[in-house]
Amino acid sequence: MYIELFRLRELPFRLSPDPQFLYLSQAHARAKAYMESTVWFTDGFVVITGEIGCGKTTLIETFLRELENDVLVAQIVQTQVNSTEFLQSVLVAFGFKPFRMKKAELIATLNEFLVEQYRDGRKIMLVIDEAQNLSPRVLEEVRMLSGVEATKEKILRIILAGQPELSLKLDAPELQQLRQRVRLRFHLPALTNSETHAYILHRLEVAGSHGREIFLPDTYETIFRYTGGVPRLINTLCDTAMLSASVKDRDSVQLDDVRAAITELQWVEYSSPTGSRLVNMPESEAGDGSEESAGATSEGVPLARILLANAGHTVSEHELYPGRLIIGRTPANDVQIDSRFVSRHHCQILTTAQSCVIEDLNSTNGIYVQSKRVRYHNLNDGDVVSIGQHELLYIDERGRHRHGVNEHHTGSAVLPESAARNGDPS
């Protein structure tokens, strides 16, 4: 192979889903954050879709590797099964040998196991990859499993991942009950041109390039045009181009090598199999995979706004549309607050046509309204929410739209001095 010629430790463009090679684009980081939200909540499914080769499986493997020890996971990848086989697969993933059980016994065993694990303080998660292959009857079994509950909450956390057909299947009228259980749907798009460039450099660096220029600058545009930013296709083309260069005993990939690889693969310029990089989502769903704010509506009219402030001066302003806005310390959040008083994923704001609710995500330091720590709070115009040493000022726009008023706050927002600053770093 070409490893020695290019002075690498390992092959940089293997097709196997190796978490160490995961490149977190903005969309991939958000999808991962939404999967992580299932650890905190059991109030519905998280559905992640994306075209073939967009990196869903690698993302899932990375997410599962980073889970705490108190999370028990059943991962299902064989999805062309009937309802009995599906229940058997789930039990096998949890360590059972259920092949002689009848369906009623399978359900009873699984329910008893889930309740037992919950009582022992464990979080239980079901992750189904290639979920677009599940039949409506099996999806109904999934919905029924999601209903297993203790006194105050559902027990089983569920992530469905699959190709865009999964989203179309969930929109079918006969799956209305399951669709109502979906808490979040997110479509993972292909990489942009600049992200494709960064993706290639990232994989080469992980493989041991140490910053050496292996692909010449004029190769990246052609690679993007023929792969469409789909990671699996990028891997295939780059690997073939490196082989082409190695045959000529060169330790760098030139444009001729990329063109030779395209000819060998018999590729034409990329066109998305679905005709679009994005699947149309209901306006009420957060996270459309675009680079705009999560859940933006086609009309572009915000229902509310929040001003993020520190020491009484505005740091940033964010418009709220129907959907979900996650606030936390890391860049994967919709709103980042880079402060040691703020948790990785600190809180979220859920916006509907009628209301906005802010919800604590089990953060260390909590959220405060009028000096009182709250888990949930229905936001009213003018509310100030303290998050560590920062404040959020909530401005409701619904009444202004109804009365034709176009107000917009600019400059520094001076928040009430009574706004509590609860910044205990413990």
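## Helix α2 and R65

R65 is found in helix α2, which covers residues 56–65. The model is predicted. R65 counts as exposed because its relative accessibility is 60%, and the cut-off for exposed is over 50%.

P19 lies 46 residues away from R65 along the chain.

## Aromatic pairs

The whole structure holds seven aromatic pairs. One of them joins Y2 and F6. The Y2 and F6 rings sit 5.6 Å apart, centre to centre. Y2 and F6 are both buried.

F215 and Y220 also pair. Here the ring centres are 6.4 Å apart. The planes stand at 45 degrees, so this pair is tilted. F215 is buried, at 1% relative accessibility. Y220 is buried too, with a relative accessible area of 7%. Ring pairs also bring in F13, which forms a cluster with F215 and Y220.

## The loop at Q163

Q163 sits in the loop between β4 (156–162) and α6 (165–170). Q163 counts as buried because its relative accessibility is 15%, and the cut-off for buried is under 20%.

Which residues does Q163 touch, not counting those up to four places away in sequence? The contacts are T49, G50, I52, K56, E130 and Q132. K56 falls within the span of helix α2, residues 56–65.

## Strand β6 and its two partners

Strand β6 spans residues 304–310 and is mostly covered. Six of its seven residues are buried. Strand β6 is joined to β7 (residues 313–320) and to β16 (residues 390–396).

Seven bridges link β6 to β7, and the two strands run antiparallel. Within this pairing, I306 has H318 of β7 as its bridge partner. The hairpin of β6 and β7 has two residues between the strands. In this hairpin, A311 takes a positive phi near 55 degrees.

Seven bridges also join β6 to β16, again antiparallel. In this pairing, N310 stands opposite H390 of β16.

How values were computed:
Residues numbered from 1 in each chain as written. Predicted model: local features only at pLDDT ≥ 70, side-chain atom pairs only at ≥ 80, totals over all residues. Heavy atoms only, no water. Helix = DSSP H or I, 4+ residues; strand = E, 2+ residues; numbered from the N terminus. Buried < 20%, exposed > 50% of the residue type's maximum accessible area, 1.4 Å probe, protein only. Phe/Tyr/Trp six-rings, centres within 6.5 Å; stacked < 30°, edge-to-face > 60°. Contact = heavy atoms within 4.5 Å. Pairing = 2+ DSSP bridges.
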